[in-house]
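User: Could you take me on a close look at the part of this model around the ligand? I would like to know what surrounds it and how it is held in contact.

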Amino acid sequence: MGKLIIFSAPSGSGKSTIINYLLKQNLNLAFSISATSRAPRGTEQNGVEYFFLTPDEFRQKIADGEFLEYEEVYTDRFYGTLKSQVEKQLSEGQNVIFDVDVVGGCNIKKFYGDRALSVFIQPPSVEELRKRLNGRGTDTPEVIESRIAKAEFELSYADKFDVVIVNDELEKAQAEALEIISNFLKK
Ligand code: ADP
Ligand code: 5GP
């Protein structure tokens, strides 16, 4: 049976960049594809980045108990981890890596205990976070400000995680993540 690696962080911290780096290493990692009711962005495809559902389809799956955890971030905008998806990947012997928000991350850790490692990616500062979000160029200024506003709350969760990695210099953070995760998977 595989293990679980949970990544959470404020948006713009560099979580996706580090996860994509780890997926290219020889760690037998599979990305956990979440379900969401938001619309696909850019080149996103159903079944690759997310399973895209309508809000009603999402609510039906909640009623059927299909989620390991889920959240309604605001009205009709849901994100959640499907039990079936995670169990399938784990039973195939893969280690599963998650990109979820801080609350979801803590819930998954609580459920799987020692089989899971929860990792918080911390930006050097909120100012740097704003710079990275601007640099990424995928969000409007309003969306960037709402992400920054949420970051303060998310940063307060850091000490609930097994490990905190400060992503200041990317190469250093990637090397640190690789070492920590390799060690965890060896145990
Ligand atoms: P997240 O998945 O946490 O929202 P991303 O991985 O998309 O964050 O990173 C946000 C932006 O910051 C991207 O444009 C990325 O290339 C850049 N970035 C990531 N890590 C660093 C770093 N250590 N220094 C500078 N820029 C970074
Ligand atoms: P985005 O809309 O930018 O793809 O994602 C927004 C946020 O939703 C990110 O912080 C991401 O970590 C979180 N997220 C993605 N999938 C899940 C999930 O399955 N559960 C929870 N709780 N959060 C998720």
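Analyst: Happy to! Keep in mind that this is a predicted model. Let's start with the backbone of L170, where an N or O atom lies 3.2 Å from a nitrogen atom of ligand 1. The protein buries 75% of the 560 Å² that ligand 1 exposes when taken alone. Two elements, α1 (15–23) and α5 (126–136), each give two or more residues to the shell around the ligand. Of these, α1 gives the most, with 3 residues.

An N or O atom in the side chain of S16 is 2.5 Å from one oxygen atom of the ligand, and at S13 a backbone N or O atom lies 3.3 Å from an oxygen atom of ligand 1.

Stepping back to the whole shell, 14 residues surround ligand 1, and the closest are G12, S16, T17, R136 and N167. Sorted by class, the shell holds 7 polar, 5 charged and 2 nonpolar residues.

Now for the setting. L170 brings us to helix α7, which spans residues 170–186 and lies across β1, β7, β8 (116–122) and β9, at about 160° to β9. These strands belong to an open, parallel sheet of 5 strands, ordered β2-β7-β1-β8-β9. Because β2 (29–31) and β9 (163–166) each have a single partner strand, one side of each is left without a neighbour in the sheet. From one strand to the next, the twist averages 25°. Helix α3 (residues 83–91) also packs on this sheet, touching β1, β2 and β7, with its direction at about 145° to that of β7.

Terms used:
Residues are numbered from 1 along each chain as its sequence is written. Chains are lettered from A and ligands numbered from 1 in the order in which they are written. This is a predicted model: local features need pLDDT of at least 70, side-chain atom pairs count only at pLDDT 80 or more; totals for chains, interfaces and linings use all residues. Side-chain values use heavy atoms; hydrogens and water are left out. Two strands pair if DSSP finds at least two bridges between them. Helices (H or I, at least four residues) and strands (E, at least two) are DSSP runs, numbered from the N terminus. Axes are lines fitted to C-alpha atoms, for helices over the stretch in contact, and angles run from 0 to 180 degrees between N-to-C directions. Contact means heavy atoms within 4.5 Å. A residue is near a molecule or strand if one of its heavy atoms lies within 4 Å of it. A polar contact is a pair of N or O atoms within 3.5 Å; within protein, one must be able to donate a hydrogen and the other to accept it, and residues adjacent in sequence count only if both atoms are side-chain atoms. Accessible areas come from the Shrake-Rupley method with a 1.4 Å probe; for residues, only the protein chains shown count as cover. Ala, Val, Leu, Ile, Met, Phe, Trp, Tyr, Cys and Pro count as nonpolar, Asp, Glu, Lys and Arg as charged, and the others, Gly among them, as polar.
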